[in-house]
Amino acid sequence: MQREAAPEGVPTWQARLRRYGYAARPQPGVRERLVPPYPSPSPRFPAMFGFSPHVAVRLARWSAWGGPALVALVAGVLRFWQLGSPHAVIFDETYYAKDAWSLYQHGYEAKWPDGADKLILSDNQQIPLSDDPSYVVHPPVGKWIIGLGEVIWGLEPFGWRFMTAVLGTLSVFLLCRIGRRLFRSTLLGCLAGSLMAVDGLHFVMSRVALLDLVLMFWVLAAFGCLLVDRDKARARLAAALPDAAALPDGTVPLHDTGPPDGTGGTGGGVLAGSRLPAPVGDRLGLGLRPWRIAAGICLGLACATKWNGLYVLAAFGLLTVLWDVGARRTAGAGRPGLSMLRRDALPAFLSLVPVALATYVASWTGWFATRGGYFRDWAEKEGQGGSWGWLPGPLRSLWHYETEVYRFHVNLDSGHTYDSNPWSWLVLGRPVSYFYESPEAGQDGCTAADGCAREVLALGTPLLWWAACFALAYALYRWLLRRDWRAGAILCGVAAGYLPWFLYQDRTIFFFYAIVFLPFLCLALTMLMGALAGPPGVTERRRMIGIVTGGVLFLLIVWNFIYFWPLYTGQTIPLDGWRARMWLDTWI
């Protein structure tokens, strides 16, 4: 049998594969790789419920916002249900709830006497707030936000938990929209938000007046802003590419064959004979990028909530310039890294770092505007003279305050019953008990003869976190071997919130700090569950198996959340039921 000759310009191995029915997948054009389009809404699902084709199409389009809103509504109902229970000051609420109140009263954190918690919670409430400044070790933004709920509802548990519940609900909506933009799928976006809505750690942190959920909200908002900025910057590059009619010989810009850039395309080179104009990627300035400035503000608010936002600022700054390198490579830049340095590096720095710094300093306005804050007059008294005397006194006082707080944080090594090593976080090695009581039979609704337990446990939904470990491994594979930029972005978010804690092995740290990177775990798990359904073009049987597998996993996670619901909400349950939920000895 005569061997088939390879068509001109096609490698021999491709010609051989064609004998067995192989056909290369069609490659998208440059514009489609710069800004992948959203799939057209499918009316099939609404039509299954008897809606007309016209109404089905409108419902499918509505789902882009309506789906995330519905998921957030469910999350909000769960988070606001009996928000004031337990009627107690639990865990570090004893610091942040009272500091938040004093900020709105004095503009700075003031001292509270011993026993203030009981006076605040008593039937005849007393608020024994003094004018003396209190030494606090976290910036004020999170406490300003917590205090807003106290201004509206009063200094009581519902009031100081109100704003964290609001931000917890909004963060679910944000994650739905971020997931939709990241995966170009409303369904996957809503899946990501739904996973976070039924995570126990996110649920508990949305119902206590601690700072870490506030920090997570600003980190997630910054990531969303950078994601929108990425799409808009790439859209400007795509719009600047010439049409076929504008090219010298009328040829159409072809897909390139250079190294992958992680967009689903193949890279930055062009086929021989094509007329992709490399100067577009090299010369085009992207002008004002307001979404990146908005990200700088969000990152400034994150740093002004807790200092570990600084690591996120550094990681996201690197991420956004690497995205610019990939965009310029796809747009034909001969040296995309150099083009990024010339065109994008300085604007990116100015949009993030100075904006974040200005936001951080502005967050101390109450401290600046009053004279009673801790170290407020340090520059005029103990800090006179020195090489920094040219700075305004309030700024020098703030700098001194910050250096003292830094020393406190790096030297915080006192033991705590619920501290944990970050190595154990992903497998939920040591959750934190915020509140625990042991009602006897006949007390607080306890009907068990052996007594009951009532606990608020900061524990992630176990099946979600354990599945997320496999999802992170899949994301590493997608990033390292398939150059998938989405996997790289997810891993960047996890690394920024997680890895810095390994630098402080001797410091007292807690599992609930992991709330900062929880949204990215949910995105990683969503990516894995989306992969189970298979890529476009798979058989119906393959897709059905994948969808059923992913659906079963999601339902198991929901069941797991329901099973641990009493431990998330402080419900009174028999002691045997409490013991049954202590799956690991380290949870006790």
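**Overall build**

Modeller: This is a predicted model. The protein contains 24 helices and three strands.

Biologist: How much of the protein counts as buried?

Modeller: Of its 588 residues, 51% count as buried. The accessible surface is about 27500 Å², and carbon and sulfur atoms make up 63% of that.

Biologist: And the largest nonpolar core, which residues touch the most other members?

Modeller: F223, F316, Y434, W465, F512 and L523 do, in a core of 138 residues. Helix 11, residues 212-240, gives the most to this core, with 14 residues.

Biologist: What does W465 touch?

Modeller: Leaving out residues up to four places away in sequence, W465 touches D199, L201, W425, L426, L428, G460, F511, A514, F517, L518 and L521. There is also a second, separate core of ten residues, with L34, A238, L241 and A331 among them.

Biologist: Changing topic: which residues are buried in helix 22?

Modeller: G546, G550, I557, N560 and F561 are buried there. Their cover includes helix 4 (53-80), helix 9 (186-197) and helix 19 (462-480).

Biologist: How far does helix 22 reach?

Modeller: Helix 22 spans residues 540-563 and reaches 34 Å from its first C-alpha to its last, close to the 34 Å expected.

Biologist: Which residues does the UniProt domain annotation cover?

Modeller: The unreviewed UniProt entry puts "ArnT-like N-terminal" on residues 71-228 and 291-321. Residues 291-321 are 84% helix and 0% strand, and the end C-alpha atoms of that span lie 14 Å apart.

Technical notes. Residues numbered from 1 in each chain as written. Predicted model: local features only at pLDDT ≥ 70, side-chain atom pairs only at ≥ 80, totals over all residues. Heavy atoms only, no water. Core = buried A, V, L, I, M, F, W, Y, C linked by side-chain atoms within 4.5 Å. Buried < 20%, exposed > 50% of the residue type's maximum accessible area, 1.4 Å probe, protein only. Helix = DSSP H or I, 4+ residues; strand = E, 2+ residues; numbered from the N terminus. Contact = heavy atoms within 4.5 Å. UniProt positions renumbered as here; feature names shortened; annotations may be inferred. Expected span 1.5 Å × (residues − 1). Areas by Shrake-Rupley, 256 points an atom, 1.4 Å probe, with all protein chains shown as cover.
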